[in-house]
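Biologist: I would like a close look at a single part of this model, and then at what surrounds that part. Please keep to computed geometry and state the cut-offs.

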Amino acid sequence: MSSRFEEMKPTFRRFNPHMIRMWRWTWGALPSFLPPLTGKIMLLTHVGRTSGRRMLVPVNYAVVDGDVWCTTHESAQWLRNLQVHPETEVRLPLRRARHGVVEVEPAGPHDVDVLRRVLRNAGFAASAFGGVHPRTDPDQTLLAGCEGYHLVRIRRGDVVRRAR
């Protein structure tokens, strides 16, 4: 799946600005209404590790026991940024933005249920781009297909106050 991730980077760079624009126009929740097709999408704000700029990235997610989980390959720039600056803002569809603290860990056998849930919430992307089938693949096949991927756990905190 890692070589597929590298192949998909240009596609993400092309489509992510449109997803961010939808969120700014308050249409961000629209794609999340058909999770089996489009997936559940949230907007994550992070700080660049060298630039210090605030950046936005749309990602698929799952809420498990009150925490927000997502996954990406270890070479993703936004993951590297979050490893340096673990404070973030999370914007889920139809909810107010919340501060959060990130914990990153490699996807492994102890988290396969969470990984499966996040990949199911990715809609068609997990099978089309990643080559894994989270609804039908056994645990070992799923983990083998997600080699090099990390799970990102976001512990949500207070609501983000808007500047007036």
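Leaving aside neighbours within four places in sequence, which residues is Leu-43 in contact with?

Modeller: This is a predicted model, in which local features need pLDDT of at least 70 and side-chain atom pairs count only at pLDDT 80 or more, while totals for chains, interfaces and linings use all residues. Residues are numbered from 1 along each chain as its sequence is written, and side-chain values use heavy atoms, with hydrogens and water left out.

Leu-43 is in contact with Ile-20, Trp-23, Leu-56, Val-57, Pro-58, Glu-89, Val-90 and Arg-91, once its neighbours within four places in sequence are set aside. Contact here means heavy atoms within 4.5 Å. Leu-43 belongs to strand E1, residues 41-47. Strands (E, at least two residues) and helices (H or I, at least four) are DSSP runs, numbered from the N terminus. With a relative accessible area of 1%, Leu-43 is buried; the term means under 20% relative accessible area, exposed means over 50%, and partly exposed is in between (1.4 Å probe, protein chains only). Pro-58, one of the contacts of Leu-43, is 15 residues away along the chain, and the two C-alpha atoms are separated by 4.5 Å.

Glu-89 forms a salt bridge with Arg-54, at 3.3 Å from N to O. This pair links distant parts of the chain, since Glu-89 is in strand E5 (residues 87-91) and Arg-54 is in strand E2 (residues 54-60), 35 residues apart. A salt bridge is a side-chain nitrogen of Lys or Arg within 4 Å of a carboxyl oxygen of Asp or Glu. Glu-89 is buried at 9% relative accessibility, whereas Arg-54 is exposed at 53%. Glu-89 also has a salt bridge to Arg-91, with the closest N and O atoms 3.6 Å apart; both Arg-91 and Glu-89 are buried.

By the salt-bridge rule the count comes to six. Another of them joins Arg-155 and Glu-103, at 2.7 Å from N to O. Here too distant parts of the chain are linked: Arg-155 lies in strand E7 (residues 149-159) and Glu-103 in strand E6 (residues 98-106), 52 residues apart. Arg-155 is partly exposed at 36% relative accessibility, and Glu-103 is partly exposed at 31%. Through shared partners, salt bridges join Asp-67, Glu-103, Arg-153 and Arg-155 into one network.

Asp-111 is a contrasting case. Asp-111 is buried yet has no salt bridge, and the nearest side chain of opposite charge, Arg-153, is 7.2 Å away. Asp-111 sits in the loop between E6 and helix H4 (112-120). Its contacts, leaving aside neighbours within four places in sequence, are Glu-105, Pro-106 and Leu-151.

One backbone angle also deserves mention. Most residues other than glycine have a negative phi. Asp-65 has a positive phi of about 55 degrees although it is not a glycine. Asp-65 lies in the loop between strand E3 (62-64) and strand E4 (67-73), and is exposed, with a relative accessible area of 75%.

As for cysteines, a search of the whole structure finds zero disulfides, a disulfide being a pair of cysteine sulfur atoms within 2.5 Å. Cys-70 is buried at 0% relative accessible area, and Cys-146 is buried at 2%.

Conventions. Lys, Arg positive; Asp, Glu negative; His and termini not counted.
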